[in-house]
Amino acid sequence: MTLMLGSCPDAIHLRDLGDHQYFGYLEVADVDECHARATARGADILFAPADRPWGMREFGVRTPDGHRFMVGAALAAG
């Protein structure tokens, strides 16, 4: 998987606009591997992967422009 993020340096930075919601959710096969790759490349990780009660393992990421999104993988049924 490759995820490329753009940058809008001339736009008002999202930190200056106040709080906003997550704009997307990326479902992957292996959330821990995706987290490791993102961390190794210097991604702004909002929180580490964690198992959620709704059956997903997820972590949060912030883009260079300040947008936030989730990355998750379904937990194995058990």
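Gly 55 takes a positive phi near 90° in the hairpin of E2 and E3, where four residues lie between the strands. The model is predicted: local features need pLDDT of at least 70 and side-chain atom pairs pLDDT 80 or more, while totals for chains, interfaces and linings use all residues. Residues are numbered from 1 along each chain as its sequence is written, and side-chain values use heavy atoms, with hydrogens and water left out.

The four strands make an open sheet of mixed pairing, in the order E1-E4-E3-E2 (two strands pair if DSSP finds at least two bridges between them). Strand E1 (24–27) and strand E2 (44–51) are the edges, each pairing on one side only. On average, neighbouring strands of the sheet are turned by 20° against each other, direction ignored (axes are lines fitted to C-alpha atoms, for helices over the stretch in contact, and angles run from 0 to 180 degrees between N-to-C directions). Strands of a sheet pair through backbone hydrogen bonds, either parallel or antiparallel.

E1 and strand E4 (residues 68–74) run parallel and are joined by four bridges; Tyr 25 has Met 70 in E4 as its bridge partner. E4 then pairs with E3 in the antiparallel sense, over seven bridges. In this pairing the bridge partner of Glu 58 is Gly 72 in E4. E3 and E4 also form a hairpin with five residues between them, and Gly 66 in the turn has a positive phi of about 100°.

Strand E3 is largely enclosed by the rest of the structure, because five of its seven residues are buried (buried means under 20% relative accessible area, exposed over 50%, partly exposed in between, with a 1.4 Å probe and protein chains only). In the chain as a whole, buried residues make up 27% of the 78 residues. The chain exposes about 5,400 Å², of which carbon and sulfur atoms supply 56% (Shrake-Rupley method, 1.4 Å probe; for residues, only the protein chains shown count as cover).

The largest nonpolar core has eight residues: Val 28, Val 31, Cys 34, Phe 59, Val 61, Phe 69, Val 71 and Ala 73 (a core is a set of buried Ala, Val, Leu, Ile, Met, Phe, Trp, Tyr and Cys residues joined through side-chain atoms within 4.5 Å). Helix H1 (31–40), strand E3 (56–62) and E4 each supply at least two residues of this core. The largest share, three residues, comes from E4.

Val 31 belongs to this core. Leaving out residues up to four places away in sequence, Val 31 touches Arg 57, Glu 58, Phe 59, Val 71, Gly 72 and Ala 73 (contact means heavy atoms within 4.5 Å). Among contacts in the chain between residues at least 6 apart in sequence, 50% join residues at least 24 apart.

A search of the whole structure finds five salt bridges (a side-chain nitrogen of Lys or Arg within 4 Å of a carboxyl oxygen of Asp or Glu). One of them joins the side chains of Arg 57 and Asp 32, at 3.0 Å from N to O. This pair links distant parts of the chain, with Arg 57 in strand E3 and Asp 32 in helix H1, 25 residues apart. Arg 57 counts as partly exposed at 23% relative accessibility, and Asp 32 counts as partly exposed at 36%. Both residues are also linked with Asp 51 in a network of salt bridges.

Another salt bridge, at 2.9 Å from N to O, joins the side chains of Arg 62 and Asp 44. Arg 62 lies in strand E3 and Asp 44 in strand E2, so this pair ties together parts that are 18 residues apart in sequence. Arg 62 is partly exposed at 28% relative accessibility, and Asp 44 is partly exposed with a relative accessible area of 37%.

Within helix H1, Glu 33 and Arg 37 lie four residues apart, about one turn of the helix. Their side chains meet in a salt bridge of 3.6 Å, N to O. Glu 33 is partly exposed at 37% relative accessibility, and Arg 37 is partly exposed at 33%.
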